[in-house]
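Colleague: I have the entry open and would like to go through it with you. Could we start with the strands and then move on to the helices?

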Amino acid sequence: MTDQPPTAEARTAEYRIEELAHLSGATVRTIRAYQDRGLLPRPERRGRANVYGDAHLARLRQIADLLDRGYTLASIKELLEAWDAGLDLGGVLGLVAEIDGPWTDEKASRISRADLDTAFGGTSDDAAVAEAVELGVLERIPGHDDEYLVPSPRELAVAAELHSAGVPLPAISGHLREVRGQVEHIAARFVDFTTDHLFRPYLDHPPTDTEAAEAAALVRRLRPLAQQTIDAELARAMRTLATRYLRRHLAEAQPGEPGGSRGARNGERAAATAPASVIPRATESGTASRPVTDPRAATDREPVLLPAETAQAVRDLVGPDNMAAFIAAAADREVRARTMDALAASALRDAPAAERSHSPRR
């Protein structure tokens with residue numbers, strides 16, 4: 001019985017280097033460079049011709065895929081050597097895909113130059129646009145000079161809102177540069193932290209497929225934690241700092257001795273020594289016993305019981321050191337308003353009838 005020739009399905013495809021380049025999308029020069037670096041097996045030599053097969057085509061496609069994922073040629077060589085040694089890289093590639101995936105649910109959008117100018121006050125500013133492109137807030141779209149890709153629409157919206165509130169564009173871009181550097185430092189610390197405590201067992205040796213899958217699952221679990229932590233800490237810090245700034249400016253705004261900051265400091269010391277819930281003494285008629293220019297400087301004091309919720313609200317607003325000054329100022333303003341009302345009513349009663357008839361009704 002004679003041997004039958006192999007069928008078309010059983011035969012291995014064979015390619016010249018030009019055909020391989022066409023099918024893989026790589027150039028002839030790139031294929032030869034991969035061979036020289038050990039990334040691509042040498043072709044089979046037949047006479048004067050080099051013949052490549054399907055294995056070469058598959059390897060070129062693997063290299064292109066890994067390059068798209070961000071791997072360097074050196075790291076690709078290590079991965080391919082591990083693959084050739086029999087290690088399953090499916091899990092590793094899955095881990096890489098998980099890390100390379102989006103770390104936010106925000107979707108990129110597009111914006112025309114006209115809409116961009118409108119969002120920032122209607123004035124065209126080429127320098128500001130160029131800086132936004134440099135920062136990555138905007139990305140140019142090849143072939144579309146009048147349109148931009150917006151990787152983070154929320155970030156662009158924040159910039160537009162700040163500008164509409166009166167912040168100059170150079171100040172916004174400078175602030176973004178500063179914030180970005182600090183956030184990158186925080187991200188690096190988070191990566192170091194999770195590496196030390198969670199991912200080190202997966203990184204001190206080539207991970208198996210199972211280990212890589214476990215690491216990928218960890219990435220999915222931890223992905224939202226970084227943003228949640230920063231959101232919570234930023235909210236806490238903003239509340240603390242904003243309250244501190246308000247207290248400081250309220251203290252500086254209180255009237256005191258002539259001399260600017262010296263008077264403010266004297267006022268702060270007076271507030272610090274006063275009981276928490278004290279207001280100036282008032283007469284039974286509801287008017288102040290004497291004019292008070294600085295409530296904290298009043299000498300006649302008496303304790304006043306305040307609802308706990310009111311006291312806590314004032315304490316949260318201005319701080320415990322400024323509670324007495326704040327309550328005294330609020331009470332003094334109310335007393336002055338009522339005094340003015342009483343004086344106006346008294347003057348109206350004492351006026352002749354003819355004058356009262358032309359006075360506005362209360």
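Colleague: How many bridges join β3 to β5, and in which sense do the two strands run?

Modeller: Please bear in mind that this is a predicted model. In it, β3 is joined to β5, residues 144–150, by four bridges, and the two strands run antiparallel.

Colleague: Which residues of β5 are the bridge partners of Ser109 and Arg110?

Modeller: Ser109 has Val150 as its bridge partner in β5, and the partner of Arg110 is Leu149.

Colleague: Which residue takes a positive phi in the hairpin of β4 and β5?

Modeller: That residue is Gly143, with a phi near 85°. The hairpin has two residues between the strands.

Colleague: Let us turn to the helices. At what angle do α1 and α2 pack?

Modeller: Helix α1, residues 17–24, packs against helix α2, residues 28–36, at about 100°, and their axes are 9 Å apart. That angle makes α1 roughly perpendicular to α2.

Colleague: Which residues make that contact?

Modeller: From α1 they are Ile17, Glu18, Leu20, Ala21 and Ser24, and from α2 they are Val28, Ile31 and Arg32. By class, the contact of α1 with α2 comprises five nonpolar, one polar and two charged residues.

Colleague: How do the axes of α10 and α12 cross?

Modeller: The axes of α10 (residues 209–253) and α12 (residues 308–318) cross at roughly 90° and come within 7 Å. The two helices are therefore roughly perpendicular to each other.

Colleague: Which residues meet there?

Modeller: On the α10 side, Arg239, Thr243, Leu246, Arg247 and Leu250 take part; they meet Arg315, Asp316, Leu317 and Val318 of α12. The classes in this contact of α10 with α12 are four nonpolar, one polar and four charged residues.

Colleague: How far apart are Gly121 and Ala160 in space?

Modeller: Their C-alpha atoms are 8.6 Å apart, while the two residues are 39 residues apart in sequence.

Colleague: To finish, how many helices and strands does the protein have, and what share of the residues is buried?

Modeller: The protein has 14 helices and seven strands. Of its 362 residues, 26% are buried.

Colleague: What is the accessible surface of the protein?

Modeller: The accessible surface is about 24500 Å², and 56% of that belongs to carbon and sulfur atoms. As for contacts with a separation of 6 or more, residues 24 or more positions apart account for 58% of them in the protein.

Definitions and conventions. Residues numbered from 1 in each chain as written. Predicted model: local features only at pLDDT ≥ 70, side-chain atom pairs only at ≥ 80, totals over all residues. Heavy atoms only, no water. Pairing = 2+ DSSP bridges. Axes fitted to C-alpha atoms, helices over the stretch in contact; angles between N-to-C directions. Parallel < 35°, antiparallel > 145°, perpendicular 65-115°, else oblique. Contact = heavy atoms within 4.5 Å. Nonpolar A, V, L, I, M, F, W, Y, C, P; charged D, E, K, R; others polar. Buried < 20%, exposed > 50% of the residue type's maximum accessible area, 1.4 Å probe, protein only. Areas by Shrake-Rupley, 256 points an atom, 1.4 Å probe, with all protein chains shown as cover.
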